Amino acid sequence: MILTVTLNPAVDIAYQLEELELDTVNRVQAVSKTPGGKGLNVSRVLSELDCDLLATGFLGGSLGSFIQEGLEAAGIKHDFLAIAGQTRNCIAILHAKQQTEILEAGPNISEQEAQQFLKHASALLEQAELMTLSGSLPAGLPTNYYAKLISLANALGKQVILDCSGPALLEVLRSSAKPTVIKPNLAELSQLVGQPVLADSASLKAVLSQELFAGIDWVIVTLGAQGAFAKHADNYYRVEIPKMTVLNPVGSGDATVAGIAASLACGVSDHELLKTANALGMLNAQEKRTGHVELANFAQLMRTIQVKEV
């Protein structure tokens with residue numbers, strides 16, 4: 001079973017407008033409301049792959065209940081910790097081929113709730129093969145909270161895929177708690193090392209050889225239209241992807257995480273893992289819905305992705 005963790009989920013609200021006008025009334029042509037958050041995007045793609053999964057994290061208030069109902073309707077198993085605060089909304093206004101986002105900060109997690117979730121996650125990890133940790137930390141949690149969750153997984157011998165950025169990721173890299181996989185993009189990698197990183201293989205190989213990444217089995221750097229670059233143990237790989245039309249890139253990184261998780265659970269080769277992860281990320285980008293892939297196109301896309309050792 002794959003345990004997907006979303007500590008700061010949201011109700012994703014999308015408003016469709018022909019044009020957004022400021023300081024006046026805008027009438028919405030179409031609206032959608034769905035359970036959101038990076039970890040829940042991972043969960044949806046894993047569900048479409050028919051993987052055995054359990055979604056967890058913090059949920060509170062009527063919006064938390066809405067998310068639970070949405071997951072149940074989608075057939076996604078879940079076991080969230082109830083909190084006193086209200087789960088957040090995240091609003092995307094789609095207008096004139098542009099997207100304006102309004103993101104609420106979310107609830108403040110109390111120290112008691114934070115400790116309760118560590119116990120909750122530890123119990124769930126007993127049943128899991130691996131865990132995914134995705135997205136931002138809600139207010140109230142210390143920057144080392146992901147490191148604490150990874151320590152629990154390390155103690156139980158469980159694999160962990162970490163997809164976050166900024167201080168929370170840096171805290172993990174500097175700690176003794178080591179995830180199995182991290183998946184920064186080029187901007188996030190540059191932020192981690194404190195200088196711009198070029199996308200060529202030589203530059204990426206030099207950066208990923210730094211002591212900062214020691215002890216992490218997989219580092220997969222996503223490069224958008226340029227594919228990806230990966231380090232697994234002492235092996236380095238360049239992933240080349242075909243050109244495609246992008247309809248909605250939001251959630252593609254989460255689909256990539258789902259591909260990594262499914263591949264680790266199945267024990268496939270390095271080449272197969274990298275192809276699967278990138279194919280799912282690309283399939284998500286070709287759909288209007290976030291956290292959705294059209295698997296009918298999966299096999300053909302897999303044949304067009306090239307993985308080369310460097």
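Which helix lies across E2, E3 and E6? Keep that in mind while I set up the sheet. One caution first: this is a predicted model.

Let's start with the sheet itself. Four strands make it up, and the sheet is open. Reading across, the order is E3-E2-E6-E7, with mixed pairing. At the edges sit E3, residues 30-36, and E7, residues 98-103. Each of those two pairs on one side only. On average, neighbouring strands here are turned by 20° against each other, ignoring direction.

E2 covers residues 10-17 and E6 covers residues 88-95. The two run parallel, joined by eight bridges. For a landmark, find Leu 17: opposite Leu 17 stands His 95 in E6.

Back to my opening. The helix is H2, residues 61-73. H2 lies across E2, E3 and E6. Against E3, H2 runs at about 85°.

Take E4, residues 53-59. Seven of its seven residues are buried, so E4 is largely enclosed by the rest of the structure. E1, residues 2-6, runs parallel to E4, and five bridges join them. Thr 6 has Gly 57 in E4 as its bridge partner. E4 also pairs with E5, residues 81-82. That pairing is parallel too, over two bridges. Look for Phe 58 there; Phe 58 stands opposite Leu 81 in E5.

On to helix H1, residues 38-48. How many of its eleven residues are buried? Eight are, so H1 is largely enclosed by the rest of the structure. The buried stretch holds Gly 39, Leu 40, Asn 41, Val 42, Ser 43, Arg 44, Val 45 and Leu 46. Note that Arg 44 is on that list. After H1 comes Asp 50, with a positive phi near 65°.

Now two helix pairs. H6 spans residues 186-193, and H7 spans residues 201-208. They pack at an angle of about 45°, and their axes are 12 Å apart. That makes H6 oblique to H7. The crossing is left-handed. Who meets whom? From H6 we have Leu 186, Leu 189 and Val 193. From H7 we have Leu 204, Val 207 and Leu 208. By class, that contact has six nonpolar residues, no polar and no charged.

The second pair is H8 and H9. H8 is residues 252-266; H9 is residues 270-285. Their axes come within 7 Å and cross at roughly 150°. Angles over 145 degrees count as roughly antiparallel, and H8 and H9 are therefore roughly antiparallel to each other. H8 passes H9 in a right-handed crossing.

Which residues in H8 meet H9? Ser 252, Ala 255, Thr 256, Ala 258, Gly 259, Ile 260, Ser 263 and Leu 264. On the H9 side, they meet Glu 272, Leu 273, Thr 276, Ala 277, Leu 280, Gly 281, Asn 284 and Ala 285. The class count is eight nonpolar, seven polar and one charged.

To recap the helix pairs: H6 with H7 is oblique and left-handed. H8 with H9 is roughly antiparallel and right-handed. That's my tour.

Methods
Residues numbered from 1 in each chain as written. Predicted model: local features only at pLDDT ≥ 70, side-chain atom pairs only at ≥ 80, totals over all residues. Heavy atoms only, no water. Pairing = 2+ DSSP bridges. Axes fitted to C-alpha atoms, helices over the stretch in contact; angles between N-to-C directions. Contact = heavy atoms within 4.5 Å. Parallel < 35°, antiparallel > 145°, perpendicular 65-115°, else oblique. Left-handed = near helix turned anticlockwise from the far one by under 90°. Nonpolar A, V, L, I, M, F, W, Y, C, P; charged D, E, K, R; others polar. Buried < 20%, exposed > 50% of the residue type's maximum accessible area, 1.4 Å probe, protein only.
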